[in-house]
Amino acid sequence: MSVSTLGTPSATRLSPAILAGLKRLPEWLVIWVPLLLSAGHVVVFTAWTTWISFTPSTLVPVDGWVGLRNYTSVLGTRNWKIAFDNLLLFGFGFVVLTALVGLLLAILIDQRIRGENVLRSIFLYPMAVSFVVTGTVWSWLLNPGMGVQKLVNDMGWTSFRFDWLVDRDMAIWTIVIAGIWQSSGFAMALFLAGLRSVEADLIKAAQIDGAGPFRMYTRVILPTLWPIVVAVMVILLQFAIRTFDLVRALTGGGPGIATQLPALVIYDFMFQRGHLGRGSAAAVMMLLTLLGVLLPYGAWKYYMRRRAANA
Amino acid sequence: MREQSGFAGPPSVGRAVVYAVVILLAAGYLVPMVVVVLNSLRTAEEIAQTSMIGWPKVWAFQNYTAAWSDFCIAQTCSGIRPYMLNSALVTLPATVFSTLLGAVAGYAISLWRFRGDSWIFALVTLGVFLPEQMRLIPWTIVLRDVGLTNTLSGLVMIHTIQGLSFTTLFCRNYYVAIPQDLMKAARIDGAGFFRIFHRIVMPLSPPILIVTVIWQFTHIWNEFLYGVTFTTGTQQPVTAALIALSASVADVPQYGVQSAAVVVAAVPTLLVYLFGGRYFVRGLTAGAVK
Amino acid sequence: MSRITRRSMLAAAGAAAVVSAPRRASAQAVKPRLTAISQWSAGSDGAAITALGKKFEERGGVWQHSPVPGFTTEMMNKLRAQIMAGDPPACSQLKGPEIAAWSKIAATVNLDATVAAAGYEKVVAPDLARLHKPGGKWAALPLQIYRTNTLFLSKRALDRAKADKLPTTWAEFNALGDKMKAAGIAYPVCNGGTRADDGQKFEACLAGISPTAYRAAIMNLDEKALKGPEMKAAFAQLRKLADWMDPNTAAQSYAVHLPKFVAGDMGMMIQGGWAQGVLINAGFKLDDFIIAPGPTDNGKPVFILNADAFIFWQRKEPDLQAGQKLMAELVMDPAIQTMYSQITGSIPVRTDVDLSGAGWSDGQREAARTLKEAVAVNQVVLSLAHNMAQENGMTAAMIDVLTEYVKNRSITPDQAVTRLAEAVEGAR
Amino acid sequence: MSALVIRDLRKRFGTTDVLKGIDLDIDSGDFTVLVGPSGCGKSTLLNIIAGLETATSGEIEIGGRVVTAVPPKDRDIAMVFQTYALYPSMTVRQNITFGMECRNVPKAQQAEALERVAKLLQIEPLLARKPAQLSGGQRQRVAMGRALVRDPKLFLFDEPLSNLDAKLRVEMRMEIKQLHARIGASIVYVTHDQIEAMTMATRIAVMNQGEVQQFADPDTVYNRPANLFVARFMGAPPMNTIPATLEGEGDRPVVVIGAGEHVVRLPAPPSIGREWLGKSVIVGIRPECIAEPTRLFGSSTAAGLTITAPVEMTEPTGAETIVVLRLGGQKVLGRVAPDIRLANGALATFAVDTRKLCLFDPQTERLIA
């Protein structure tokens with residue numbers, strides 16, 4: 001009896017604001033729990049890695065403070081220098097060329113050709129295959145002793161050389177080739193979608209203006225694809241930065257250490273060499289480089305939005 | 001919006017060139033698959049004694065039985081079959097969870113706009129750039145602390161949380177194109193957060209959901225590092241089984257069976273692309289909500 | 001939540017400890033169980049460890065082996081995750097100086113009593129024994145041994161070069177190489193393209209030139225020895241080898257070259273003893289090739305040693321403890337070592353195993369004999385390329401230099417000596 | 001009774017004040033048009049009325065109930081959007097009944113309401129279609145239908161006609177006006193088109209820079225604009241505003257425009273205060289108050305007065321001819337009969353309707369007489 005009299009008024013005493021809040025609780029949970037988990041893991045993991053980069057951690061994380069020693073020691077290795085140079089080269093080459101190839105494929109497929117479905121599937125399927133498989137198969141194909149070069153040589157053109165895989169200076173481009181093969185289909189799909197949503201009036205207008213196919217694409221259609229280009233670039237950049245399995249299977253970082261990339265160096269230091277601290281330092285430096293690219297872009301976008309809002 | 005933007009030029013040299021280029025490129029794209037499929041039909045001995053690239057002398061169809069149900073990983077001789085199941089048990093729930101939660105999150109960020117949304121979106125998006133290698137040890141600690149070490153549920157959790165970066169990014173960018181007026185109209189009609197999502201946003205979403213499902217499915221299916229580190233024994237995903245087949249220094253590489261296993265293991269992702277791919281471009285094209 | 005879980009786990013563990021005390025008397029009755037991690041999942045490695053598991057089960061044990069396929073690094077990731085989760089396997093694959101390094105991050109089992117009971121210490125090469133006794137106590141047991149400086153010669157290449165004598169010194173090796181080249185053999189040296197392949201060629205050169213210098217420079221990282229004349233000579237010899245290799249080798253296994261090797265298009269191969277099994281499994285015949293000890297310039301046999309081992313992690317569970325004891329006994333058992341080595345092509349750790357039986361090949365007999373002789377003249381050294389000489393961090397830093405040197409002919413031996421010394425300094 | 005009361009409503013985005021204290025009181029049954037140039041805050045105001053955005057401060061009352069903190073669905077309003085905002089995945093029928101579905105209205109009642117609205121708007125044949133299969137005008141009707149079916153206390157229209165072509169726009173304008181007359185609903189209608197405002201409204205609120213410049217019936221807004229902004233915004237072409245000085249001739253104040261040869265003197269409105277004598281003012285004259293000399297303004301000729309001014313240009317529109325003349329150094333528009341043609345540069349005589357002169361304070365820009 002006394003329990004129920006205590007219970008009922010307290011239930012009705014809930015203020016309307018709390019009631020309204022309770023009603024919205026499910027949606028708050030659905031929005032915030034995943035977002036906070038996702039954003040939280042990014043923040044916490046990055047912070048943790050940063051912390052570890054200042055500790056003397058080797059096989060397992062330990063507390064302690066060694067200042068910048070891990071950083072100087074990573075910066076002192078040739079691996080890091082090579083990896084960093086390669087990231088710039090590979091990042092640029094892979095992103096730009098994949099986008100271009102993807103665009104070319106999209107334009108070709110967009111020419112009212114027969115068998116579009118089949119062709120599209122052919123260009124897309126490499127996305128479905130794991131990087132390990134891609135790397136392995138391309139290491140056969142690009143190997144001068146058994147792949148393309150051998151095939152051409154055997155066909156009679158004996159002076160033909162395609163030995164980038166074993167050429168220290170060119171090996172990084174074999175990773176670009178395999179990467180293009182794997183990712184250009186995705187770029188193609190996005191571009192094709194973009195091409196197909198260009199307003200028909202725009203094309204009519206350009207046709208009336210007498211634009212030929214080349215001018216049509218370069219001056220009229222492509223400029224409208226700008227947002228898609230940015231999306232493609234971001235996705236490809238993310239690929240480039242995280243490229244790991246592909247290199248491990250294709251060149252193993254070689255010839256020598258000529259095709260090291262930051263993701264490999266990070267993994268190598270952290271786990272192969274048992275230097276968690278140095279590996280973390282490498283990871284932090286890579287993320288800082290990335291922020292160096294992303295922050296200006298973000299700031300620019302923010303500025304453009306502010307300008308648009310104020311206009 | 002149009003179905004095609006090609007220009008009906010004269011049926012001339014130009015078109016012939018287009019066809020020639022497309023067919024040449026398509027053939028080039030197919031080469032790696034052809035090589036793998038051919039190797040999957042050659043015996044290990046034949047490959048070892050000749051070259052990695054070649055036409056089968058004898059068709060070794062037994063590679064497929066070996067890959068599917070016979071070859072041994074340590075004392076377990078069951079082929080990749082059980083590992084395929086493990087991969088499915090991780091990939092399917094993780095794909096569904098990350099896609100759904102990402103869709104809701106993207107919807108909330110793009111259409112509801114709340115305080116701090118752009119910050120949290122920036123952080124979530126940053127997640128796509130974090131190398132997996134960097135996250136390995138933190139995940140180890142997390143799994144230990146939530147008690148999911150060596151469980152498939154642990155992998156599902158990891159892939160769901162990590163996958164949210166992609167799915168949220170994709171969905172948010174797609175949903176931004178939904179006009180705000182639609183949201184206003186729905187709110188005046190009395191629809192709440194979930195009803196708008198369910199009745200208005202979801203029906204518009206198949207294109208982007210197909211994209212995220214394809215993306216998540218292939219990435220989780222092909223993932224290796226977490227798969228071997230966070231599972232044990234017979235719980236391992238199929239990628240681990242594939243690697244088990246690859247050469248160690250002390251062994252002749254089992255290229256024949258390995259290639260067969262690669263082909264079999266790639267079937268689910270290839271199917272996803274084949275069936276999803278049809279809606280992929282069409283979906284993206286229809287993306288602009290009028 | 002996490003803290004609660006961990007605390008409750010601790011409590012449970014404590015309770016288990018209390019409960020287990022009075023039961024100690026009946027500990028013998030418990031069924032031995034072993035949880036093990038290794039990277040040996042398939043092929044002859046997988047077959048060997050599976051056979052070991054069968055023996056374990058025959059002795060009444062429960063065998064729970066989880067292979068971690070892939071590189072050793074992945075196996076170590078798994079081990080690390082298990083250790084950090086407070087759940088290390090009862091036993092795991094680990095080798096060389098890593099045994100000492102890892103035994104610092106988690107408690108290991110003291111195997112001294114079991115080893116003493118088996119009288120094992122007397123029959124193991126001292127250098128090898130030392131690696132498995134971090135802090136002077138046995139914590140790990142070697143399982144099998146490979147020689148990494150085994151010389152394989154192609155019969156057909158020898159015939160083409162009209163060679164009548166196997167090379168025993170580097171000078172003879174070089175002469176034979178020249179002869180082969182002159183006979184039209186494009187690549188007198190057969191090599192794979194992995195980092196370990198390149199490192200292994202270097203260690204064969206240096207140890208063949210001077211095992212003493214190898215011990216000082218590579219195993220003890222002596223600064224003076226690292227810049228010594230033997231180092232330069234070794235790099236010069238390595239350059240000769242590199243010039244004779246097929247430049248079209250990317251990061252592939254040496255196994256892809258075996259057809260050319262057997263056909264006589266490649267002449268000589270310095271590999272681990274395991275290459276014999278690979279050749280046979282690829283369908284080639286024993287009379288397609290000849291196995292010989294690697295070149296040594298001082299007339300006495302040099303054995304570069306690579307050994308796989310198991311480390312035993314401390315567990316409280318009586319059944320796991322019983323399993324560890326059983327496993328240790330099995331690993332030291334000459335019959336088990338015989339079974340294991342006959343499957344993988346290695347040689348037994350015990351120097352007292354008789355290899356005259358039918359299950360052994362001439363190559364294995366020769367290697368075992370050489371090991372015995374090399375132990376006698378103190379010319380057994382530990383392999384750098386196979387992570388026996390240094391911890392992984394140092395090994396990787398050194399091999400970076402070696403593999404670059406092999407792949408880049410513009411680096412002079414002098415430069416290489418300097419770079420190697422710098423790399424060692426940087427990784428210390 | 002008031003359908004909508006807005007009290008001291010303010011909205012601030014960051015550092016920008018979008019609404020600077022809006023007060024409006026709209027009677028039940030009124031067709032109120034919020035008109036103003038883009039960026040004046042009218043759409044924000046409408047969104048706040050709907051509850052789609054929250055005000056920084058201030059109060060809103062709909063149908064006698066304070067709704068400031070009430071979510072849109074509970075405000076008893078309906079809204080028609082510029083983009084129509086039809087749910088693309090639903091049929092016309094579902095689009096119209098979605099709101100009722102959300103409020104758990106019984107199916108039978110939904111069908112009844114749907115039928116009523118479909119008949120009213122003549123969209124019965126379209127009910128099974130999806131929005132993508134409709135023409136612009138049809139979409140507009142469906143959007144209206146979705147609003148009408150609710151039978152709310154207040155209708156909100158956000159530039160509903162601006163996506164239609166000119167002919168359709170005129171038709172729909174009339175239809176909406178008739179609809180309003182028939183159902184007598186209270187409507188708040190946002191537009192930037194002052195013709196829509198003039199033709200449809202019973203009350204017009206002219207907005208600029210986050211403030212209501214004038215809130216009155218269309219005639220007042222047109223003839224007695226509260227300030228220079230309203231004067232220049234309403235009407236096409238807009239009211240001429242010319243600097244002048246006020247002089248007293250006896251007890252009759254006179255507006256003097258220009259100086260020297262082309263000086264023009266017009267009688268000032270008698271209501272102008274004596275304190276303005278000798279000061280400069282701005283005089284506002286609607287173009288239709290400047291006509292050919294034979295035009296008779298109203299019934300009295302007393303208002304008639306002629307001036308002579310140089311013609312700069314003429315624009316025949318068919319129904320009339322717009323003349324650009326120069327008055328006191330300013331370009332001034334006049335409207336003359338359609339068949340009149342004047343040579344550029346020639347001096348011409350015009351009749352001026354002085355009854356409708358407005359005078360503004362050049363400093364405050366407010367109407368002073």
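User: What do the buried residues of α9(B) pack against?

Analyst: In this predicted model, they pack against α4 (81-112), α7 (152-175) and α8 (180-188) of chain B, where a contact means C-beta atoms, placed from the backbone, within 7 Å. Residues are numbered from 1 along each chain as its sequence is written, with chains lettered from A and ligands numbered from 1 in the order in which they are written.

User: Which residues of α9(B) are called buried, and which are exposed?

Analyst: Ile196(B), Phe197(B), Ile200(B), Val201(B) and Leu204(B) are buried (20 or more other C-beta atoms within 10 Å of the residue's own; exposed is 12 or fewer, partly exposed in between). Phe194(B), His198(B) and Pro203(B), on the other side, are exposed.

User: Why are the buried residues of α9(B) said to line one face of the helix?

Analyst: Down the axis, the directions to their C-beta atoms fall within an arc of 130°, so they line one face.

User: What should helix α9 (residues 193-204) of chain B span?

Analyst: A helix is a DSSP run of H or I, at least four residues. The expected span is 1.5 Å times one less than the number of residues, so the twelve residues should span 16 Å, and the end C-alpha atoms are 16 Å apart, which agrees.

User: Where in chain A does pLDDT stay under 50?

Analyst: Over residues 1-12 of chain A, for which the model has zero contacts beyond four places in sequence. Where pLDDT is low, predicted coordinates should not be read in detail.

Definitions and conventions:
This is a predicted model: local features need pLDDT of at least 70, side-chain atom pairs count only at pLDDT 80 or more; totals for chains, interfaces and linings use all residues. Helices (H or I, at least four residues) and strands (E, at least two) are DSSP runs, numbered from the N terminus. Two residues are in contact if their C-beta atoms, placed from the backbone, lie within 7 Å. pLDDT is the predictor's confidence in each residue, from 0 to 100.
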